[in-house]
Amino acid sequence: MTETDRPETTPTDAVDSVLESLSDDGLEGYNYAYLDEHTKREVRRSILKAIAVPGHQVPYASRPMPLARGWGTGGIQASLSILGPEDTFKVIDQGADESVNAANIRRLATETAGVETTTDTTDADVIQTRHRIPEEVVTDDQILVLQVPITDALRTVDSSDAANRRRHAHKNYGKMWVHLYENVVEWGEINIAARYPTMVAGRYLMDPSPIPRWDVPKLDDADALFVFAAGREARIYAVPPHTAVEPLAFEDRSFQVERFPDQACDVCGSTDTYLTEVDDASESDGSGGSRGGMDDDGGSDAAETETGDDGRRYVCNDTSFCHKRRSNPDLPRDHHLDRDDVDWGPGTTAADRGGEST
């Protein structure tokens, strides 16, 4: 290689000036909301298609994000694509706003999009959530973006995505019904804890993400738009407002939410919210935290409450709602709790197995 063929080198002082400008300007060099405009348009088009075909999984080109896949990259891409400068953003991580993951996602949105953030459900325009739906009423002015690790409910019964796509095309969900029947035979009831299979608009079987059964009825005929985004699997699906979402169940083994008989939140006293069992042994070894944090199982931490004789207690999983309930014990719950066709909370014993509800 001759001297004239050698590529030009960048002067050292020029590199130093570039690095210095980046450190001074922070994320100013990035596009609004981090993603480029082409990516955001593609994500929004995929969301629109998912809204037009409720429950159907729409593929999209998932982009690399500044965190590992499996930690909410799909939810972040969906949120950043629909956030506007005037929007207020809330992030929930298994019921808590104060977890490291939730705080970092809020920080990314603030630094790249300049949006306001909040921990109050009623103040948020866009709510990104990992495995929970807020206890408070969500309105038609709000969008809930749910992070999804596994997109297809049928993968529980068949690992072949190609075969499962054929089942969705033909609405052939017999294998899932067999799975539920085997569950009843073994346990006496359908005891699926999370990712409960649901039928959307009477057509597509949907995985509602690993939300607890307590949250599944909130999807039915809701006022808000639900967007489910999986970055690792590059799929988006949605439940539009006022869409029928029915959990699969048998006539003699009806769908039931989690049961907390004779239990109430040790912090706010609520008996009508989703509760998390907290083991105080986790605090004695230094793994606990202050009120509003999360334990290793995704439960909210309530260090200032009294401990039961067995070292366990129940606290509200939704820490923001729990905090507001302490100030206002009459704060209304989600309006879906008033439905007559769902057994909620204490008293929902297995009456369908011959017992009596208490």
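Contact here means heavy atoms within 4.5 Å. Helices (H or I, at least four residues) and strands (E, at least two) are DSSP runs, numbered from the N terminus. This is a predicted model: local features need pLDDT of at least 70, side-chain atom pairs count only at pLDDT 80 or more, and totals for chains, interfaces and linings use all residues. Residues are numbered from 1 along each chain as its sequence is written, and side-chain values use heavy atoms, with hydrogens and water left out. The chain has eight helices and 12 strands.

**The chain as a whole**

- Of its 358 residues, 49% count as buried, meaning under 20% relative accessible area with a 1.4 Å probe, protein chains only.
- Among contacts with a separation of 6 or more, 65% join residues 24 or more positions apart.
- The chain exposes about 17300 Å², and carbon and sulfur atoms supply 48% of that area. Such areas come from the Shrake-Rupley method with a 1.4 Å probe.

**The seven-stranded sheet**

- Seven strands form an open sheet with mixed pairing, in the order β1-β9-β8-β5-β4-β2-β3. Two strands pair if DSSP finds at least two bridges between them.
- β1 (58-59) and β3 (116-117) stand at the edges with a single partner strand each, so one side of each has no neighbour in the sheet.
- β1 pairs with β9 (residues 235-239) in the antiparallel sense, over two bridges. Pro-59 has Arg-235 in β9 as its bridge partner.
- β2 and β4 run parallel and are joined by five bridges. One of the links is Val-91 with Gln-128 in β4.
- β4 and β5 also run parallel, with four bridges between them. Ile-127 stands opposite Leu-144 in β5.
- β4 is largely enclosed by the rest of the structure, because four of its five residues are buried.

**Helices on the sheet**

- Helix α2 (residues 37-52) lies across β1, β8 (225-230) and β9, at about 45 degrees to β9. Axes are lines fitted to C-alpha atoms, for helices over the stretch in contact, and angles run from 0 to 180 degrees between N-to-C directions.
- Helix α3 (residues 73-82) also packs on the sheet, touching β2 (88-93), β4 (126-130), β5 (143-147) and β8. Its direction makes about 155 degrees with that of β5.
- Ser-46 belongs to helix α2. Ser-46 counts as buried, at 7% relative accessibility.
- Beyond neighbours within four places in sequence, Ser-46 is in contact with Val-58, Pro-59, Tyr-60 and Ile-236.

**Helix α8**

- Helix α8 spans residues 319-327, and its buried residues are Thr-319, Ser-320, Phe-321, Cys-322 and Arg-325.
- The cover over these buried residues includes β2 and β12 (312-316).
- Asp-318 caps the N-terminal end of α8, with a side-chain oxygen 3.3 Å from the backbone nitrogen of Ser-320.

**Nonpolar cores**

- A nonpolar core is a set of buried Ala, Val, Leu, Ile, Met, Phe, Trp, Tyr and Cys residues joined through side-chain atoms within 4.5 Å.
- The largest core has 48 residues, of which Leu-144, Leu-219, Phe-226, Phe-228 and Cys-265 touch the most other members.
- At least two residues of this core come from each of β5, α6 (174-187), β6 (198-200), β7 (204-206), β8, β9, β11 (275-279) and β12.
- Apart from this core lies another, of 27 residues, among them Ile-47, Ala-50, Leu-108 and Ala-113.
- Not counting residues up to four places away in sequence, Leu-144 touches Ile-127, Ile-133, Pro-134, Val-138, Ala-224, Leu-225, Phe-226 and Val-227.

Methods
Buried < 20%, exposed > 50% of the residue type's maximum accessible area, 1.4 Å probe, protein only. Polar contact = N/O pair within 3.5 Å; in protein donor to acceptor, adjacent residues only side chain to side chain.
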